[in-house]
Amino acid sequence: MKGTVVVTDFEFADLELEREILDGAGYKLVSAQASSPGELLEVCAHADGVINQYAQITAEVIKGLKSAKVISRYGIGVNTIDVDAATRAGIAVANVPDGSLHEVSEHAAAMILSLSRGLNELGNSVRSGRWDYTAAGRLFRLRGRTLGLIGFGHIPQTLVGKLSGFGLNVLAYDPYADPTVAEALGVRLVKLDELLAASAFVSVHVPLTAGTKHLIGARELGMMRSDGVLINTSRGPVVDEKALVVALKSGQIAGAGLDVFETEPMPADHPLCTLSNVVLSPHAAWYSEDSEAEIRRKTTENVVEILNGRECARLVNRV
Ligand code: NAD
C-alpha cells in the first residue's frame with residue numbers, strides 16, 4: 001500500500017465506492033466517525049489524505065496532521081475546513097463544486113413552488129378534515145412576481161434556467177458576480193436592500209464565511225415584503241434563526257423554506273418546527289442517488305489525483 005486515506009465522518013450506508021477507488025490506486029481506506037479535535041487527530045495524524053463530510057477540520061486539527069497532502073470534502077461548501085490554515089500547512093483542499101447543482105437548485109425551486117401554492121397548509125387542512133381552498137390564505141400566481149437571489153454562483157444560475165418558464169423577474173445580489181453571465185440569463189444585479197424590498201421570494205445561495213454569518217438578520221428580514229418568503233438551501237448560520245422566528249411569528253414575512261439550520265440536526269422541539277408556513281428538510285437538498293454517487297466518486301478521485309501528483313481540477317486552494 002502507498003499510504004492511508006481517512007474518512008473522518010460520513011452519513012452514507014457504507015464506503016464501498018471509496019474503498020474500491022482507493023484500493024485500485026494502492027491506498028488503504030480507514031473509516032471513522034470522528035467529531036472532536038481529539039478524535040480527529042487520533043485517526044488522521046498520520047494519514048496521507050483526509051476525506052471529510054461535517055466534522056470540523058479546524059486550525060488545531062490541521063496543525064496535528066503530520067503527513068496529509070490533501071483534504072477533500074464531500075460536496076460544495078468547504079466551511080468545515082479552515083482553508084487558510086491548510087494552505088499555510090501546505091495541504092491541498094479540494095471539493096466537488098458540480099456534484100449537486102441540479103439537486104440543490106431543484107430543491108430551492110420545489111420550496112418556491114410549494115410555498116407559492118401553500119402545499120404545507122393545504123395538505124395539513126385536508127388531513128384534519130377541513131376541505132377549504134383558502135386554508136393556506138391568499139395565494140398569488142408566480143408570473144410577474146420577483147425572485148431575489150442572494151449569491152449568484154453555480155446553484156442559483158442553474159435555478160434560473162430551470163425556472164425560466166414561470167415568468168418570474170429575477171434579481172441577484174452578489175458583489176463578485178460576472179455581469180455578462182447575469183445579463184445572458186436575464187438577471188438584474190442589484191444592491192441587497194433593493195432585492196429584499198422588491199422580492200416575493202428571497203433565495204439564499206452564499207457560502208458560509210466570516211463575512212456571510214447572519215447576512216440575513218433582523219434588519220434584512222424587516223426590509224422584506226410582508227407577503228415575502230425566505231428560502232435557505234445554503235448554510236444555516238447565514239440566516240439569524242432567532243430573528244427569522246420572530247419575523248415569521250409576527251407576520252413580518254409570510255413564510256420560509258429551510259434546508260439548513262444553525263444547529264444540525266435541528267431538535268424537533270425547535271420553534272421553526274411549530275410553524276405551518278415553514279417548509280422544512282434535513283440538509284437534504286444535495287441528495288439524489290445520482291448526486292451521492294457522483295460526489296463520493298469525485299471526492300475520492302481528488303485525493304488520488306493529488307497523492308499521485310496529478311493535476312486536480314477541483315482544488316479550492318493553491319499550495
Ligand atoms: P458558488 O461557489 O458557485 O457561488 C457562491 C457565490 O456566492 C459566488 O458567486 C460569490 O461571489 C457569492 N458570494 C460570496 N460572498 C457573498 C456575499 N457576502 N454576498 C453575496 N454574494 C456572495 O456556490 P454554489 O454552487 O452556488 O453553492 C452555494 C452554497 O450552497 C455553497 O457554498 C454551499 O454552502 C451550499 N450548498 C448546500 C447544499 C445543501 O445540501 N443544502 C448542497 C450544496 C451546496
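**The enclosed space and its surroundings**

Author: The count of cavities of 30 Å³ or more comes to one. A cavity here is a set of points, on a 1 Å grid over the protein atoms alone, where a 1.4 Å probe fits but cannot get out, and its lining residues are those with an atom within 4 Å of a point. The model is a predicted one, in which local features need pLDDT of at least 70 and side-chain atom pairs count only at pLDDT 80 or more, whereas totals for chains, interfaces and linings use all residues. Residues are numbered from 1 along each chain as its sequence is written, and side-chain values use heavy atoms, with hydrogens and water left out.

The largest cavity holds about 40 Å³ of space, where a volume is the space filled by probe spheres set on grid points that are joined across faces, edges and corners. Its lining consists of Asn-232, Gly-236, Val-239, Glu-241, Leu-244, Leu-258, Val-260, Phe-261 and Glu-262. By class, five of these residues are nonpolar, two polar and two charged; Ala, Val, Leu, Ile, Met, Phe, Trp, Tyr, Cys and Pro count as nonpolar, Asp, Glu, Lys and Arg as charged, and the others, Gly among them, as polar.

Leu-244, one of the lining residues, belongs to helix α11, which spans residues 241-249. Helices (H or I, at least four residues) and strands (E, at least two) are DSSP runs numbered from the N terminus. Leu-244 counts as buried because its relative accessibility is 1%, the limit for that class being under 20% relative accessible area, with over 50% called exposed and partly exposed in between (1.4 Å probe, protein chains only). Leaving aside residues up to four places away in sequence, Leu-244 touches Leu-221, Leu-230, Val-239, Ile-253, Leu-258 and Leu-272, a contact being heavy atoms within 4.5 Å. Its C-alpha atom is also 7.3 Å from that of Gly-217, 27 residues apart along the chain.

Glu-241, Ala-243, Leu-244, Val-245, Ala-247 and Leu-248 are the buried residues of α11. An α-helix has 3.6 residues a turn, so residues three or four places apart point the same way. The cover over the buried residues of α11 includes α10 (218-223) and the strands β10 (229-232), β11 (255-258) and β12 (278-280).

Both ends of α11 show a local feature. At the start, a side-chain oxygen of Asp-240 comes within 3.2 Å of the backbone nitrogen of Lys-242; such a polar contact is a pair of N or O atoms within 3.5 Å, where, within protein, one must be able to donate a hydrogen and the other to accept it, and residues adjacent in sequence count only if both atoms are side-chain atoms. Just after the helix, Gly-251 adopts a positive phi of about 80°.

For comparison, the open space may be set beside this. A pocket is an open set of points with protein on both sides within 12 Å along at least five of seven lines. The largest pocket has a volume of about 1100 Å³ and a lining of 43 residues, with Ile-76, Gly-77, His-205, Val-206 and Pro-207 nearest its centre. That lining has 23 nonpolar, 15 polar and five charged residues.
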